[in-house]
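Please open the model in a viewer and keep the selection tool at hand. Each stop below names what to select and then states what is found there.

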Amino acid sequence: MSTVAVDRQIEQFRENFRVVRDEVSRVIVGNDRNIVGIMTCLLARGHVLLEGIPGIGKTKLVQTLADVLHLKFSRIQFTPDLMPGDIIGTTVVREDEAGRKHMQFQRGPIFANLVLADEINRATPKTQSALLEAMQENSVSAGGQTHPLEQPFFVLATMNPLEMEGTYMLPEAQLDRFFFKLKMGFPPADALHDIIERTTRAQDPVVERVLGQGQILEMRDTARSVPVARPIQQYAIDLTLATHPESERATEMTRKYVRFGSSPRGTQALILGAKVNALLSDRLHVSCEDIRSVALDALRHRILLNFDAEADKVDADAILSDVLHRVKEPE
Amino acid sequence: MTQSEQSAAPGAAQALLRLLGQVDRRLRLNQTISSALILAGLVLLALSAWRLLAVFNRAAPVASALVALLALLAATGLLFLLGHGLLTHRRGLGRAAAQADRRAGLQDELLSALHFVRGPHGPWTDAQIERAARRAQRLEPARLARLHVPARVLVPLAALAVLLAVAWRLEPMTASVDQAALGAGTDLTPEEQAQVRALQALLAQAPDTPSARTLRQALETLEQRDAADADKRRALAQAQEAAEQSKLDAASAREGMYQLGQRLRAQAGMEEVAQALTQGDARKAAELLERAAGLPAGERGAGAPAAGAAQPAREKDLEKLLQEAAQAGGKGDADALSSSAAMKEAVDRLNQIASELEVQGTVGNSSKLLQQLQLSVAQRSTMSASRFAQQAAQNSTPGSESGDTVMPGGKMFRSGAVAQESERSEQQEGSKSGDAQGESVADPLLGAKATPLEVQLKQEALPQPAEPEEKAGEAWFYAESKEQKSALEARAVQARAAFAQAETTPPAAIAVRHRHTVKEYFMNLREGAK
């Protein structure tokens, strides 16, 4: 591949990304950062956990994205009585034309490209783990058979930080499976005007399908091709180690408030997210700034805080901001 | 440049490495300039310190010490800057690339390209290197790494230059100020020298008594140019003590004469002598006695012995001599010879007392002059305020005339002192000046005769006689319990701490809890003196 081809590939990547973002923005207002975050996860082969209060458009955002991408979409509303079989599918007895009966695997809603796991914390841990296992393995085992999931396989789970009664918090090990944890905040006043105008008209805005399955897979390969220099990689590692209280690179705040730091998956997420970010900035290399821009989303759910943090009302974002402030860039 | 560096994208890599090499050279030059300026700063600092020390010389020891200390601190700071710059300065193209990225806002492009040049290659890395090289060709090394001196080096250097310029213009301090500030030997002012000369003239007329000797030594110490202020203060304190002692001796002699006069009043032919004695005029009493005995006038001068020769006469009681003389005056010629001898001895004794009183008066008069000298010497020295106040305060001894005692808290009147006595004493006969007559030890606040608090406390700690109840149980064997043992150890520790505190407390500031003890000690001493 020549240099010109690389440049063309990057240009194509950026153009596709821009088209998707513009199309989603026709429906979703004031959430550009989250749109970019979700797209980054999709292109980095990760999954997203969306956290936000009810009614701010979490589900709408995912549905719009599914409409824009020419992908198979399914939505699972997680409830306490949801069973693993309801997600991955079940084996049923079928009778053929000859009257012979045989077992057949009936695929569940997880067999889609884009899966919306709405309010994932309302289901039992057993059901949650069925989804999370599929997320990790990219395949489903049922009736003694393994069924690979079609690529791209992308899960968007939403979680409501309020109404915690009767919910099952995701364990840290399962949270770690999510590439990014995005927080959806309340839209600003200007954005609210746009939301009201767009959603109270006679017709809702309609989006077009602008990106197909093949293009997405191509974009995924492009994102992975971006090279990372060793010092930049070292910076990502330093950031990860700085979240470990027992590490000598840990900051004072980390030592005080963190029980367990980020896993190596966190570093992977930093680098992959930074690669997508570098491409979006029309760069062929990853910079420290790229890593910093994705650090909060990639690491906030991978840090386990201790009781002192709870007592002092210190959240993971504050600790990560401190880490980003203190860890020095390579020289 | 390694083989791998040349193999991939050679033209681009060359351009990139050329730029980074130029930037690296400029960064090194910057570092060298900084180090050289820090060294220049050290030289400037040394010159400034040398000049300031020469200006202050011995005239201002505090300022000199401060200059030396500040110079040391500044030198340490400059050396730290130098060491920090040399140790933390990383050389190489990596640092140059990071610096260039930062200056040009390239977001690690050159740094990444440098690492890609050195590492394995692929289409993406080659593309990145080419991009970085294209950008590098547009960059100017002179703008990426400007030759400059950091503010942390430039500011101290400028300050040192200004300091040196100021120090160079300062005139060295004069020698007189020099000596005064050093405190090694404070010269006396003309007024003080006049006071010293007046005192020396007074003492030249006085006989050679211990008080006079102490005073002479003190004056000699004051006149010495190389004597330290501390020595002068000590000599003045001793002289002051001698003057006070002299006052006490005079008071004692007058009191004795008064009592003698009272007792002789009833003796026939001794009325006038007794009256003169009561008035404290020993010279007049001697003349009256001479006249009554009809001694030749020439013997009166010879009868005034020197202080050294009068020493055996002290052993005899003047009263007895006078009574013998009075009784002999009424008898026949057979006793005339012996009465003449007794009378002559009494006259000699009275003349001696009169001479001693004059000397003591002379020495006592010098007390005020001494006090003024003490004040002036103390004010010039670096003595602490409390110590100065203590030395400047009047001595708490009873006055020779009235027996009243001027104390820092007020004045203790003789009547009050008498009223404090629990038993009648000889001195209580109208005055408490028995203490003032020299029968008590010297005042403990100043001088060598003071008993140290340590000794006083040891005396206080003497074991008390056992109580009768304890004696009854002497046949019993008591083993101390752990509690008793620990309590005793605790008391021992507390006593040591209290003793140490008492040791460190200045004489004038006796701890409140020890004041009663000290008072009791002196009261006991006075009782013992009876």
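**Conventions**

This is a predicted model, in which local features need pLDDT of at least 70 and side-chain atom pairs count only at pLDDT 80 or more, while totals for chains, interfaces and linings use all residues. Residues are numbered from 1 along each chain as its sequence is written, chains are lettered from A and ligands numbered from 1 in the order in which they are written, and side-chain values use heavy atoms, with hydrogens and water left out.

**Stop 1: the interface of chains A and B**

Colour the two chains separately. Contact here means heavy atoms within 4.5 Å. By this rule, 27 residues of chain A are in contact with 20 residues of chain B. The size of an interface is often given as the accessible area lost when the parts come together. Buried area is that loss, found with a 1.4 Å probe and summed over both parts. Chain A and chain B bury about 1900 Å² between them, with 61% of it on carbon and sulfur atoms. Select Leu284(A), His285(A) and Glu331(A): these residues of chain A lose the most area to chain B, together 32% of what that side buries.

Next, look for pairs that cross the interface. A polar contact is a pair of N or O atoms within 3.5 Å; within protein, one must be able to donate a hydrogen and the other to accept it, and residues adjacent in sequence count only if both atoms are side-chain atoms. The rule finds 7 residue pairs in polar contact across this interface, both residues at pLDDT 80 or more. Helices (H or I, at least four residues) and strands (E, at least two) are DSSP runs, numbered from the N terminus. The helices α1 (3-25), α8 (213-225), α9 (230-241) and α12 (288-299) of chain A each supply at least two residues of the side that touches chain B. Of that side, α1(A) gives the most, with 5 residues.

A salt bridge is a side-chain nitrogen of Lys or Arg within 4 Å of a carboxyl oxygen of Asp or Glu. Across the interface, the rule finds 2 salt bridges. Select Asp282(A) and Arg131(B), whose side chains meet in a salt bridge (3.4 Å, N to O).

**Stop 2**

Select α1(A). At 1.5 Å a residue, its 23 residues should span 33 Å, and its end C-alpha atoms are 33 Å apart, which agrees; the expected span is 1.5 Å times one less than the number of residues. Buried means under 20% relative accessible area, exposed over 50%, and partly exposed in between (1.4 Å probe, protein chains only). The buried residues of α1(A) include Gln9(A) and Phe13(A).

Is Thr222(A) buried or exposed? At 2% relative accessibility, Thr222(A) counts as buried. A polar contact of 2.9 Å joins its side chain to that of Gln9(A). Leaving aside neighbours within four places in sequence, Thr222(A) is in contact with Gln9(A), Phe13(A), Leu279(A) and Trp124(B).

Move to α9(A). Among its buried residues are Ile232(A), Tyr235(A) and Leu239(A). The buried residues of α9(A) pack against α11 (264-280), α12 and α14 (316-326) of chain A together with α5 of chain B.

**Stop 3: backbone features**

Most residues other than glycine have a negative phi, and most peptide bonds are trans. Select Gln151(A) and Pro152(A): a cis peptide bond joins them, with omega about -5°. Pro152(A) is in the loop between β8 (145-148) and β9 (154-159) of chain A. Asn138(A) has a positive phi of about 60° although it is not a glycine, and Asn138(A) is partly exposed, with a relative accessible area of 28%. In chain B, Asp108(B) has a positive phi of about 65°, and at 9% relative accessibility Asp108(B) counts as buried.

**Stop 4: salt bridges within chain A**

Select Asp176(A) and Arg265(A), whose side chains meet in a salt bridge (2.9 Å, N to O). The pair links distant parts of the chain, 89 residues apart. Then select Asp290(A) and Arg283(A), which meet at 2.6 Å, N to O. Asp290(A) is buried, with a relative accessible area of 1%, and Arg283(A) is buried at 9%. Finally, select Arg33(A), Lys183(A), Asp297(A), Arg300(A) and Asp317(A), which are linked in a network of salt bridges.

Methods: Buried area is the accessible area (1.4 Å probe) that two parts lose on being put together, summed over both.
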